[in-house]
Amino acid sequence: GESLLVGIETFECLFMAETVRLETGGAFDVNSRAAARTGPDGEPSGRPAYPGPEARAFELVREGGSFLVRRPENIPSAFPGLDLDLGAVGKGYALDLAADVLRDWGVENALLHGGTSTALAAGAPAADRPDGWAVGVGAGWPGAPSSVTLSGRAVSGSGTEVKGGHILDPRTGRAARGNLAAWASAPTAALSDALSTAFFVMTADDVEALAARNPDVWACLVVSYGDARIFNPGIFSEKA
């Protein structure tokens, strides 16, 4: 029930996370670990921990020059506490900050890669490749593109090939089921990072609806073997 003083970077990262949580109807949630522990002995109960996707695990408040994270005053007593995990958005946010540094240094052409799941590109690698950087996606799934040409935006992927079934559905507290892999591309790496995780959890219809509301977002969803669906394909139609 107390407030925690945080830096501007943490505040911005949590603000992005909350924006994506609300936009995805709770399919993305940096408090999913606490939400999962809703059953006896801390085990998943198999039912939603939150009263609804609009309920907030925390509030972000700016008071003068201070940035605060605090527990909402009107939160129900049964609402889970805080156990924030920024692993599905923080890496992308760090790439965005790194890109800011490069811009300050006057670097116009760069590809920043955070492990194997998120890449952020600026400019192009060479004069004979002016469209941008070729970045692998699809992971060999039938029907999915093998690469996209990236410039001025980011791409992220989520799946089970490397870590197995490690992604929780925050709405149930259990491992996500339904999709095999998902990729998202957005103007910032923090957004693409969070959205790829959310898309892995969401249904194809929900991903399609989100893409329709956000024309700057590209999505590739592997629903089942041989069933890969792409939303807002025009973003990469001439580059893939």
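Which residue with a positive phi follows α3? Gly106 follows α3, with a phi near 85 degrees. The model is predicted, so local features need pLDDT of at least 70 and side-chain atom pairs count only at pLDDT 80 or more, whereas totals for chains, interfaces and linings use all residues. Residues are numbered from 1 along each chain as its sequence is written, and side-chain values use heavy atoms, with hydrogens and water left out.

The protein chain contains 5 helices and 13 strands, where helices (H or I, at least four residues) and strands (E, at least two) are DSSP runs numbered from the N terminus. Of its 240 residues, 44% are buried; buried means under 20% relative accessible area, exposed over 50%, and partly exposed in between, with a 1.4 Å probe and protein chains only. The accessible surface of the protein chain comes to about 11900 Å², and carbon and sulfur atoms account for 51% of that surface. Accessible areas come from the Shrake-Rupley method with a 1.4 Å probe, and for residues only the protein chains shown count as cover. Among contacts (heavy atoms within 4.5 Å) between residues at least 6 apart in sequence, 59% join residues at least 24 apart.

Axes are lines fitted to C-alpha atoms, for helices over the stretch in contact, and angles run from 0 to 180 degrees between N-to-C directions. The antiparallel pairing of β2 with β3 (residues 66-70) extends over 5 bridges. Val61 stands opposite Leu68 in β3, and Glu59 has Arg70 as its bridge partner in β3. The hairpin of β2 and β3 has 2 residues between the strands, and Gly64 takes a positive phi near 65 degrees there.

The 16 residues of α1 reach 22 Å from first C-alpha to last, close to the 22 Å expected at 1.5 Å a residue; the expected span is 1.5 Å times one less than the number of residues in the helix. Buried residues of α1 are Phe11, Cys13, Leu14, Ala17, Glu18, Val20 and Arg21, and their cover includes β1, β2, β3, α3 and α4. Just after α1, Gly25 has a positive phi of about 65 degrees.

A second open sheet has 6 strands in the order β4-β5-β8-β11-β12-β13, again with antiparallel pairing. Its edge strands, β4 and β13, each pair on one side only, and the twist averages 10 degrees from one strand to the next. Strands β5 and β8 (residues 153-159) run antiparallel and are joined by 4 bridges; Thr118 has Ser156 in β8 as its bridge partner.

Helix α3 lies across β4 and β5, at about 155 degrees to β4. The 15 residues of α3 (residues 90-104) should span 21 Å at 1.5 Å a residue, which agrees with the 21 Å between its end C-alpha atoms. Gly92, Tyr93, Leu95, Asp96, Ala99 and Leu102 are the buried residues of α3, and these pack against α1, β4 (110-114), β5 (118-122) and α4 (189-201).

A search of the whole structure finds 3 aromatic pairs. Rings of Phe, Tyr and Trp (its six-membered ring) pair if their centres lie within 6.5 Å; planes under 30 degrees apart count as stacked, over 60 as edge-to-face and the rest as tilted. Phe11 and Phe67 form a tilted pair, at 5.0 Å centre to centre and 55 degrees between the planes. Phe11 lies in helix α1 and Phe67 in strand β3, so this pair ties together parts that are 56 residues apart in sequence. Both Phe11 and Phe67 are buried. The pair of Trp141 and Tyr225 is edge-to-face, because the ring centres are 6.2 Å apart and the planes stand at 70 degrees. Trp141 counts as buried at 18% relative accessibility, whereas Tyr225 counts as exposed at 65%.

Notes: Pairing = 2+ DSSP bridges.
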